[in-house]
Amino acid sequence: MSASISSRDLSTAPRVLVVDGSKVVRQLITRVLMAELPQAEVVGCGTGAEAQQLLGEGVFDFITVALRLSDMDGLELARYVRESAPQVYVPIVVVSGDVDARLHRRALGEHVTDYFDKSLGFQALAEFIRGYVKPESAAEGVVLYVEDSRVVALATRRMLEKIGLSVRHVVSVEDALALLETERSQGSVGADVVLTDVSLKGELTGGDLLKFIRTDFGYGKGKLPVLVMTGDENPDNQAALIRAGANDLVEKPVEERLLVTKLLFQLRVAQHLRAREEAGSPE
C-alpha cells in the first residue's frame, strides 16, 4: 500500500482531518497541531458518518482516527477512505490508547498507514504528523543499518544521508553485534537507532539482533529504537518481531517518505525520553 500524500502543494496549508468521539481529544489534538503547524487547516469530527461527508467535500493531506467511534470502527473508516474517497493514498494514522494490543497482533489492517499510541502524549503526536506533512529537510543522528544487499543498501543510505543522518552500514547481524559490543566497552551505545532487514547473510536474522539488543545488551525501546524492514506479510511473523522488541516495522518494498518519517519519529521519541531521564537523574 502506498503512503504517498496527494499531489497538492503542502507548502501552503496542509489539511488534517481529526476523527475522534471525544470533543476534548479533538480540541487537544487541534491545539498542538496548530502550534506545530500554524498554517495547517485542522478539521475535527466525532463520527465516521461525519468524516465520510467531509471526505466527500474536499481533499485532506492527513487523517487521524480513533479505533472506536460511536457508529463504526476506525478501521472501517480507513477502509472507506481507500475504497471510496478521492484521495485513496492519504496517510491514515490510528490514534488510540489501546493500539499496542492490536499492534502486537498486527491487527491494524492493511488500510492504515501507521499508528500512534496516546501514551506518548499529544505533543509527540503533533511532531509525528509534522513528519508526514512537513518532512524535515535536515536531521541529526546515527543509524546502525544492517542490510546485505548492496543495491538496497546504497539506495536506502542515500535516503538517510540526504537529510543529514549518519549511517553506519554493516552486512550481517554478527557485524552489528561486534560494533555494538565495541561501543559498549567504550561507554557508548554506538547508534541512535537501528534499521535492520529480517533476512541477512550469516546464521543470525534481524529477529536475533532484536533479542541481543533487548536482552543481552539490555537496551530498551527508548534507549536504542529498532525498526525492522520486512517483506513478510504474515501477521503472526510480524507480531513476533514486535513482541521481540521492534519499535516498528517497515514493509518492503520500502516507500521513502514512510521510512524516513518512522525513523525520524523514533529518533525524536528516544531523544525526548533520554532528555527526560537526564533531567530526572541526580547531579
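**Helix packing and ring contacts in a predicted model**

Helix H7 (residues 173–185) and helix H8 (residues 206–216) pack at an angle of about 20°, with their axes 10 Å apart, where axes are lines fitted to C-alpha atoms, for helices over the stretch in contact, and angles run from 0 to 180 degrees between N-to-C directions. H7 is therefore roughly parallel to H8, a term for angles under 35 degrees, with over 145 counting as roughly antiparallel, 65 to 115 as roughly perpendicular and the rest as oblique. The structure is a predicted model, in which local features need pLDDT of at least 70 and side-chain atom pairs count only at pLDDT 80 or more, while totals for chains, interfaces and linings use all residues. Residues are numbered from 1 along each chain as its sequence is written, and side-chain values use heavy atoms, with hydrogens and water left out. Helices (H or I, at least four residues) and strands (E, at least two) are DSSP runs, numbered from the N terminus.

On the H7 side the contact (heavy atoms within 4.5 Å) is made by Val173, Ala176, Leu177, Leu180 and Arg184, and on the H8 side by Gly206, Leu209, Phe212, Ile213 and Asp216. These residues comprise 7 nonpolar, 1 polar and 2 charged, where Ala, Val, Leu, Ile, Met, Phe, Trp, Tyr, Cys and Pro count as nonpolar, Asp, Glu, Lys and Arg as charged, and the others, Gly among them, as polar. Phe212 also has Lys211 over its face, at 5.9 Å from the ring centre, a charge being placed over a ring if NZ of Lys or CZ of Arg is within 6 Å of the ring centre and within 35 degrees of the ring normal. Elsewhere, the charged end of Arg15 sits over the ring of Phe60, 4.2 Å from its centre.

Helix H1 (residues 23–36) packs against helix H5 (residues 122–133) at an angle of about 55°, with the axes 9 Å apart, and H1 is therefore oblique to H5. H1 likewise passes H5 in a right-handed crossing, and the contact includes Leu28, Ile29 and Val32 of H1 and Phe122, Leu125 and Ile129 of H5. By class, this contact has 9 nonpolar, 1 polar and 3 charged residues.

The axes of helix H2 (residues 48–57) and helix H3 (residues 74–84) come within 10 Å and cross at roughly 20°, so that H2 and H3 are roughly parallel to each other. The contact joins Gly48, Ala51, Gln52 and Leu55 of H2 to Leu77, Tyr80 and Val81 of H3, and its residues are 5 nonpolar and 2 polar, with no charged residues.

The peptide bond from Lys252 to Pro253 is cis, with omega near 0°, and Pro253 is found in the loop between strand S10 (248–251) and helix H10 (256–280).

Terms used: A crossing is left-handed if the near helix is turned anticlockwise from the far one by less than a right angle, and right-handed if clockwise.
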